[in-house]
There are 4 protein chains.
Amino acid sequence: MASHTFTFRVRYAETDQMGTFYNARALEWFEVARSELSRSLGVPYTEWEKQGFFLPLVEAHANYKGTARYDDLLEMTVTSSVAGHVRLRFEYVIRHAAEPKKLVATGYTVHPVVDAQMRPMRIPDWIRTQLGGPEAEKAAEKNMDGTAQAE
Amino acid sequence: MASHTFTFRVRYAETDQMGTFYNARALEWFEVARSELSRSLGVPYTEWEKQGFFLPLVEAHANYKGTARYDDLLEMTVTSSVAGHVRLRFEYVIRHAAEPKKLVATGYTVHPVVDAQMRPMRIPDWIRTQLGGPEAEKAAEKNMDGTAQAE
Amino acid sequence: MASHTFTFRVRYAETDQMGTFYNARALEWFEVARSELSRSLGVPYTEWEKQGFFLPLVEAHANYKGTARYDDLLEMTVTSSVAGHVRLRFEYVIRHAAEPKKLVATGYTVHPVVDAQMRPMRIPDWIRTQLGGPEAEKAAEKNMDGTAQAE
Amino acid sequence: MASHTFTFRVRYAETDQMGTFYNARALEWFEVARSELSRSLGVPYTEWEKQGFFLPLVEAHANYKGTARYDDLLEMTVTSSVAGHVRLRFEYVIRHAAEPKKLVATGYTVHPVVDAQMRPMRIPDWIRTQLGGPEAEKAAEKNMDGTAQAE
């Protein structure tokens, strides 16, 4: 597991007539979180795409837990994990940055690693190590020893 | 259960640099589907809000099953159901309108019925009947007879 | 000049906390109008791109004249003209579809015709004829006769 | 005149299939700039709305000067001025943050100051002083002396 926390503000464009943020914006913020996580780990996602690895989304889930209004400062924590040989999973928690850090939304997304022709690829070890953290590193080592891993 | 099917086209604004529609747009399309379903049933959602009933979203889920590009004609089917006393559930299936109607995405959303102050309300019978279909109608009748309903 | 009129509804996602549509949505609707205009003329914009012609935007202008709310049915009229050898201009008028058709917004956009490498191209005659209408057709004929055209 | 400069990154959600940012995003970035300018001047726009002053948009213009891709770091400079008694004008310049700071887009927006019922209001002196800078301050003083100002 790798993890990253950052803050951002709700834009006026992201509100709707109910006065809170529009629900689909959560998925846009999840994507910002993936960008910031990969940058924080030293290999921004732009670099992934240059090296021929793409991360389309196959599953997204959001739970809306509280309201957030225009210009509110929010705190996002994103955590990555490796799900078997070919999939990455990211979990998201969005809170108000101000104490008592009331919960706004949580969610997760699931992504295969594919090439430019959208063909699924085995997750390369550098991604496994970068996003999967210590356990993934061990698993990657084992794997290089020829030990099979159940998906 | 009530159900409605309609077609729409992918806008240029809804694509991203991968060339397919951006993932969060699915949640926007789900919302269009709820609008069209309520209109098809004779009471558009604008009328709900005028009568003091709001449908915030507490849970959203999307599975991405295929690609869809700018200007593709898609076919959305939305189906509503009543989940206990206070929640509505909508299920969505998006396909290409052209044969063989390849699947693009599926998903569901869950909504409590609340008043303007965001306090949960018991689902009024006209909504239960409208969105829940024949079984819900029966349930609503029973309910009026004083029969308890498990949530 | 070529012209096309169609109707569309304001989506919930397009509102903001002021209760009317968010200003940037006008530019998205302008783009929908260009798509619908090209389709109405028999060569959808997807076909343009397949043939190697792209229409990036170099200038956009919007005047906001009235409000429009969620689910309001709006009527868009888009009119194209050819501006010299290399640029197309589109003008937009958005009104409420219901009488007395109150004005919502007007605007225009300017687009060079470019190839896939974003190099400006002389507007091909079929586009000049399609979007510029009868006068453009005459101009295109003259042009084939070797008559110079001032930009 | 008041002015503010800040940086931001292009989100994946803001790209389109041409690979650069989608044109309407410029207007969303303009709005982020107004928020950041008002915050930098000590009275965030949320405070304006609480005090009963709203800034709808009546005119928006954008010139697209160059491309910007996903994750590019951009630098926005926004400058405000007071246009007569009832309107504010903001000008925007977006460049790449990296040298040689290539131009991406420029634009302007025009806003009346209105109350919650959307009725135009004379710009209050604190706004005139905050957004109009030294000359506006002088003008505001004169104005309090009873000197007329041409709109």
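**Strands and symmetry**

Analyst: Strand S3 (residues 73–83) and strand S4 (residues 87–96) of chain A run antiparallel and are joined by ten bridges. Strands are DSSP runs of E, at least two residues long, numbered from the N terminus, and two strands pair if DSSP finds at least two bridges between them. This is a predicted model: local features need pLDDT of at least 70, side-chain atom pairs count only at pLDDT 80 or more, and totals for chains, interfaces and linings use all residues. Residues are numbered from 1 along each chain as its sequence is written, and chains are lettered from A and ligands numbered from 1 in the order in which they are written.

User: Which residue in S4(A) does Thr77(A) stand opposite?

Analyst: S3(A) and S4(A) run antiparallel. In S4(A), the residue opposite Thr77(A) is Val93(A).

User: How many bridges join S4(A) to S5(A)?

Analyst: S5(A) covers residues 103–112 and runs antiparallel to S4(A). One of the pairs is Arg87(A) with Pro112(A). The number of bridges joining S4(A) to S5(A) is nine.

User: By what turn can chain B be laid on chain A?

Analyst: Copies are superposed by least squares on the C-alpha atoms of residues with pLDDT of at least 70 in both. The RMSD is 0.0 Å and the shift along the axis is 0.0 Å, with a turn of 180°. The two copies are thus related as by a two-fold rotation axis, the turn being 180°.

User: Which residue of chain B comes closest to the rotation axis?

Analyst: The distance is taken at the C-alpha and is 2.2 Å. The residue of chain B closest to the axis is His61(B).

How values were computed. Helices (H or I, at least four residues) and strands (E, at least two) are DSSP runs, numbered from the N terminus.
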